[in-house]
Amino acid sequence: MPGEIRALMRALKGPLPKVDIGDHCRDPYDCPFLDRCWPEPPPHAIGTLYRMRPVQREAYESEGYSTILDLPDDETLTAIQERQRRAARKNGLIVE
């Protein structure tokens with residue numbers, strides 16, 4: 001067992017895996033490389049949009065939207081998502 005632990009510790013200190021980041025990094029468990037692979041998300045990251053489905057997040061990201069603030073005004077959102085976008089633009093809370 002001690003040899004296995006040393007080998008795993010060397011792996012954690014070694015180069016990053018050659019695997020794209022994605023939902024698989026947390027399924028079924030958090031990968032020990034999360035802190036090293038995943039960049040710090042920007043404020044109001046598109047993935048924080050309320051009830052965002054992974055497919056929709058990927059579509060927004062492929063279109064170049066990285067934050068809620070990047071979404072065009074005519075983008076159809078749910079009422080809660082729209083309130084979240086308004087709050088992000090205001091940089092404050094909106095209570096309704």
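Start at the largest pocket, which holds about 600 Å³ of space. Of its 18 lining residues, select Trp38, Pro41, Gly47, Arg57 and Glu61, the closest to its centre. A pocket here is an open set of points on a 1 Å grid over the protein atoms alone, with protein on both sides within 12 Å along at least five of seven lines, and lining residues have an atom within 4 Å of a point. The volume is the space filled by probe spheres set on the points. The model is predicted, so local features need pLDDT of at least 70 and side-chain atom pairs 80 or more, while totals for chains, interfaces and linings use all residues. Residues are numbered from 1 along each chain, and side-chain values use heavy atoms, without hydrogens and water.

By class, the lining of the largest pocket has nine nonpolar, four polar and five charged residues. Asp, Glu, Lys and Arg count as charged, Ala, Val, Leu, Ile, Met, Phe, Trp, Tyr, Cys and Pro as nonpolar, and the others as polar.

Next, select Tyr50, Arg51, Met52, Arg53, Gln56, Thr78 and Gln81, which line the second largest pocket. About 150 Å³ of space lies in this pocket.

Move to Thr67, in the loop between helix 3 (54-62) and helix 4 (79-90); helices are DSSP runs (H or I) of at least four residues. Thr67 counts as buried because its relative accessible area is 11% (buried is under 20%, exposed over 50%, with a 1.4 Å probe and protein chains only).

Finish at Met1, in the segment before helix 1 (2-13). Met1 is exposed, at 74% relative accessibility.

Notes. Helix = DSSP H or I, 4+ residues; strand = E, 2+ residues; numbered from the N terminus. 1 Å grid on protein atoms, 1.4 Å probe; cavity = no way out; pocket = protein on both sides within 12 Å on 5 of 7 lines; lining within 4 Å.
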